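Dear colleague,

I am handing over the structure below, and I would be glad if you kept it open while you read my notes on it.

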Amino acid sequence: MGEVRVLALPNHIRAASIRAANLLRLINNYDALFLNYPRDMEDGVRALAEGAPYEQFVSWLRERGSVQEPLGSWEYCARPLLEALRGILLRRPDLSIYCYRDLSLHRLSMELAVKTALLTLRACLTGRVQLDEWEGLLTSFLESSRNALGREIRLIQSRLEEHRRAICISDLSGRYIADQLRMRGHRVHLTYPYLPYHFTPLEILMNELYRAWVRGSRLPKGRVRELLRHHLQFVRDYVVPSNSYDEAYQRWVAENAPWILRPSKGGYPKPARPTSP
């Protein structure tokens, strides 16, 4: 069985993408690269890796509609990694590149982003939070994403059999991917390049909803309301007035979880690992 290093990254932090890009430039002993981009993007990514101009790649994305407009929000995190990939096959022609993101999960994620933005805007304007609508939306996404994640793992597994060493770039579901690949007999190294990391209120809510769903129970409405209140505060007080999401996140951490930024005597506190969707 082959060996794979899983890089698990928060998918909204540009600095995390930059760290992953730097790691790809430093590590050379892998013969396959798995990217959590939609599968129908693979031809375009391979052309970029063969040296196609980045602007040409973006035009290709727009023509295919692989990513929801405006592209800027997607490029914010994706561009550092994509630019690190440009021309990599000219230097390493034997490298295999795969995009493993399930298309249905990709579409669901885009729809979720739009719907949560609309619900957030409505709540900020009216001061009222529709708990049942929020809970139904997030739980439905988590239920659907579990099956899609299984399909992604099966695709990675089938391709890994052809390679000795691979790198798999994932979002924070990387721990689940790593566990599943270990169960299938692969040697797996799980790395979190962006640490310490504190989950945002919405990420905490989704993790807790998932754990409740797995147990066959429901998260208490008081807890849902509390986390949504923190989410609205995060958007209103940090995201909206900031120049970038990274700036908003760093200010939010500094003011609400400063211990993340200060190492204790024993080093940084061990961060909670994400629960798989």
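A residue is called buried when its relative accessible area is under 20%, and please bear in mind that the model is a predicted one. Ile153, which lies in helix H7 (residues 131–160), has a relative accessible area of 2%, and therefore it is buried. Leaving aside residues up to four places away in sequence, Ile153 touches Tyr176, Ile177, Gln180, Leu181 and Arg184. For one of these, Leu181, the C-alpha atom is separated from that of Ile153 by 7.5 Å, although the two residues are 28 residues apart along the chain.

Glu75 belongs to another part of my notes, and you will find this residue in helix H4 (residues 71–85). Glu75 also counts as buried, because its relative accessibility is 16%. If residues up to four places away in sequence are again not counted, the residues that Glu75 touches are Arg14, Tyr54, Val58 and Pro80.

What, then, can be said of strand S2 (residues 32–38)? Six of its seven residues are buried, so strand S2 is largely enclosed by the rest of the structure. Strand S2 pairs in the parallel sense with strand S3 (residues 96–101) over five bridges, and within this pairing Phe34 has Tyr98 of S3 as its bridge partner. Strand S2 also pairs in the parallel sense with strand S4 (residues 165–170), here over three bridges, and the partner of Ala32 in S4 is Ala166.

With best wishes

How values were computed: Residues numbered from 1 in each chain as written. Predicted model: local features only at pLDDT ≥ 70, side-chain atom pairs only at ≥ 80, totals over all residues. Heavy atoms only, no water. Helix = DSSP H or I, 4+ residues; strand = E, 2+ residues; numbered from the N terminus. Buried < 20%, exposed > 50% of the residue type's maximum accessible area, 1.4 Å probe, protein only. Contact = heavy atoms within 4.5 Å. Pairing = 2+ DSSP bridges.
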